[in-house]
Structures are given as structure tokens and as C-alpha cells.
Amino acid sequence: MKSKKSIIEAGVNTLQLEAQAILGLINNINDDFVKVVDLIIESKGRVIVTGIGKSAIIAQKIVATFNSTGTPSIFMHAADAVHGDLGMIQQNDIVICISKSGNTPEIKVLAPLLKQSGNTMIGMIGQLNSELAMQADLVLNTYVEKEACPHNLAPTTSTTAQLAMGDALAICLLHARDFNEQDFARYHPGGALGKKLYLKTGDLALKNQKPEISPDASVKDVIVEISQNRLGAVVVVNQNVILGVITDGDIRRMLEKHSDLTNIKASDLMNPNPKKIEKDLLALNALEIIKENNITQLLVTDAGSYFGIVHLHDLLQEGII
């Protein structure tokens, strides 16, 4: 068994080596990198990303990032390419071939075939004197001095460098396309991430009851309305115009101060300046208001008129928090 100290040292050393590998790529964000970005932006085809071994796994991640940020992309395994998958490449497609050595048997076979097809080939390569580097039209240099593996064998810093270069390329393409939050929501409709970008406060309010009461209502009527709708609040309205809000906390404070409730009305209990949000704003905006004001309910309006209530629990249930 290794000691605690040696385990920590190995972990720290790995992260330091990988951090250095990424920082070493900064000087490789050069004219070729810019040309690659321009080429992809101007292309009418897709980006085909290929590789073998660990580089193939990195290629799949880059494809996923490209697709989610507005750059249509497909993964093609380099070994399968020469057994029929070359058929997925269309005339206007651009191919990014990822390899640390640039000299693996599969890459040596694939590179000339890609050149024959007339597609532009970009090499993401760790060795600039390799077969792939010589065949490629443009090169993204991902050279690393050594792997984090103590035997300098297992792909570690090299695959981290490939991943980081792919991310840099994807983000530059995102900026070049002016890809915004609305575009991102269109490609990520599922899960908590998608909900943060498209779910509106009005969508949440429609799932709840719409508790409301007149300003002349009695304390008993106020309590019944709050209890029935289970939102911890009721809105005081007059012809759908919001006059104020009464929470269960307001009820408790009132009971502490008064023993005779006969003449107390809803208008005496209400907070006349409740926090509100328009129904077309994002649920994420509602969360910000709730946090800033340390409240649990937020009134939702439609062009100023009472539309409903969003509760903190709604945001929790939808995974917005």
C-alpha cells in the first residue's frame, strides 16, 4: 500500500503536468488555428472528427461540444473508416483527424484516402514530423513534453491537450457564430440546464392554484384561502389588479398582536408592495428575485395584472436550484 503522502504527491503531480500541458498550447493558438476557425465557419458542410484509441474518445467529446454549440459535427472512428464509414463523409465536409503520434497504422491508411476525396483535412497532432502532419492541410499542434504516467506511456497529458484544444476551437466557433443563450436553450431542451434557459415563470405559475381574495375579506376567509391553495400566501386583488399579498407569516404576526379579529380585514394585513415578475421572464430570473429578497413566494403578472404565484418549491422541483 502506498502512503497517504505519496498518493497526494502523485495526484498533485498529475494535475501540475496536465496544467502545464494546457498552458503550453497557448503559443499554438496561431494563424493555422485562425484559418481552421474561418474554414469551419465558411463551410457549407459538417465537421467530421476522427481518431483511434484514446484520441477517438476525445474526438467523441469534441463532436458533442461542437453539436451543442452550433457546429454540426459527426464522429467517425478511424478503424471503421476504412471498412465502410468513409461513406458518411460528404463533399463539403471538413475532417479533423486527432492523433498524438500521427503515425498509427490506421491513420497512415486513412490520411491519403481523405486527401483523395478532396475534403479539407485538419490534423490535431502531437508530432509535427509525422505522416499525418505532412498530409494535413492545416495543423493544430497539441505537442506535450511528457505524459503524466510515470512510465510516459498511458495517454494523459496528451489527451488533456487534445481536449483543451477542441474546447478552444468550439468556443471560438461559438463566438464567431454569435451563439447566444437562446440558441443554447434550443439545443439543450432537456434537464435542469435546458429548463434554466427556457422555462418561464408563467409556465410554473400555471401549475399552481391562483389564490386571491378581496380587500374586505375577513381574517377567517384569508386563512381558508391560504390553507386551500397550499402556497403559503394569498393575493389581495380588485378586478385582477394586485393590491397586496398576505403570507402565512403575516397571519402569525397578526395573531401575536391582536386578540380581537372581528374588524380586521385583508387590506389591514397585506403587504402593499409585493415582489412581482412578468410571466414571460425566465424561471431563473424568478429565482434571483427570491434569493435577493429572502422570500418564498413571488407574484407573477401578465402586463401588470395578476397571473399567479411561483413558490420556491416549484423551482426546487424543476431542478432550477
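Where does Arg230 sit? You'll find Arg230 in the loop between α11 (219–229) and β7. Before you go further, keep in mind that this is a predicted model.

**A three-stranded sheet**

- Start with the open sheet, where three strands line up in the order β6-β7-β8 with mixed pairing.
- The edges belong to β6 (212–213) and β8 (241–247); each has a single partner strand, so one side of each has no neighbour in the sheet.
- In general, strands of a sheet pair through backbone hydrogen bonds, and they can do this either parallel or antiparallel.
- Here, β6 and β7 (residues 233–238) run parallel and are joined by two bridges.

- Is Arg230 buried or exposed? Arg230 is exposed, because its relative accessible area is 74%, and the cut-off for exposed is over 50%.
- Gln239 also has a positive phi of about 55° without being a glycine.
- You can find Gln239 in the loop between β7 and β8, and with 76% relative accessibility it counts as exposed.

**Gln297, a buried polar side chain**

- Gln297 is part of strand β10 (residues 297–302).
- Its relative accessible area is 14%, so Gln297 is buried; the cut-off for that is under 20%.
- If you skip the neighbours within four places in sequence, the contacts of Gln297 include Ala233, Thr247 and Ile309.

- Asn208 belongs to the loop between α10 (201–205) and β6.
- Asn208 is buried too, with a relative accessible area of 17%.
- Which side chain joins that of Asn208 in a polar contact of 2.7 Å? That would be the side chain of Asp314.
- Leaving out neighbours within four places in sequence, Asn208 touches Leu231, Ile309, Val310, His311 and Asp314.
- Leu231, Ile309, Val310 and His311 turn up among the contacts of Gln297 as well.

**Salt bridges**

- Side chains of opposite charge can pair when their charged atoms come close.
- How many salt bridges does a search of the whole structure find? It finds seven, and three of them are worth a visit here.
- One of them links Asp93 and Arg46, whose closest N and O atoms are 2.6 Å apart.
- Asp93 is in the loop between α4 and β3, while Arg46 is in the loop between α2 (31–42) and β1 (47–51), so this pair ties together parts 47 residues apart in sequence.
- Another one pairs Asp137 with Lys115, with 2.9 Å between the closest N and O atoms.
- Because Asp137 lies in the loop between α6 (131–135) and β5 (138–141) and Lys115 in helix α5 (residues 105–117), the pair ties together parts that are 22 residues apart in sequence.
- Asp137 is partly exposed at 39% relative accessible area, and Lys115 is partly exposed at 33%.
- In a further salt bridge, the side chains of Lys207 and Glu318 meet at 2.6 Å, N to O.
- Lys207 is in the loop between α10 and β6 and Glu318 is in the segment after α15 (312–317), so this pair ties together parts 111 residues apart in sequence.
- Lys207 counts as exposed at 57% relative accessibility, whereas Glu318 is buried at 13%.

**A nonpolar patch on the surface**

- Which residues form the nonpolar patch on the surface? They are Val82, Val109 and Leu113, with about 200 Å² of accessible area together.
- Val82 is found in the loop between α4 (78–81) and β3 (94–99).
- With 35% relative accessibility, Val82 counts as partly exposed.

Notes. Residues numbered from 1 in each chain as written. Predicted model: local features only at pLDDT ≥ 70, side-chain atom pairs only at ≥ 80, totals over all residues. Heavy atoms only, no water. Patch = residues over 30% accessible without salt bridge, like charges linked within 9 Å, V, L, I, M, F, W, Y side chains within 5 Å. Areas by Shrake-Rupley, 256 points an atom, 1.4 Å probe, with all protein chains shown as cover. Salt bridge = Lys/Arg side-chain N within 4 Å of Asp/Glu carboxyl O. Helix = DSSP H or I, 4+ residues; strand = E, 2+ residues; numbered from the N terminus. Buried < 20%, exposed > 50% of the residue type's maximum accessible area, 1.4 Å probe, protein only. Pairing = 2+ DSSP bridges. Contact = heavy atoms within 4.5 Å. Polar contact = N/O pair within 3.5 Å; in protein donor to acceptor, adjacent residues only side chain to side chain.
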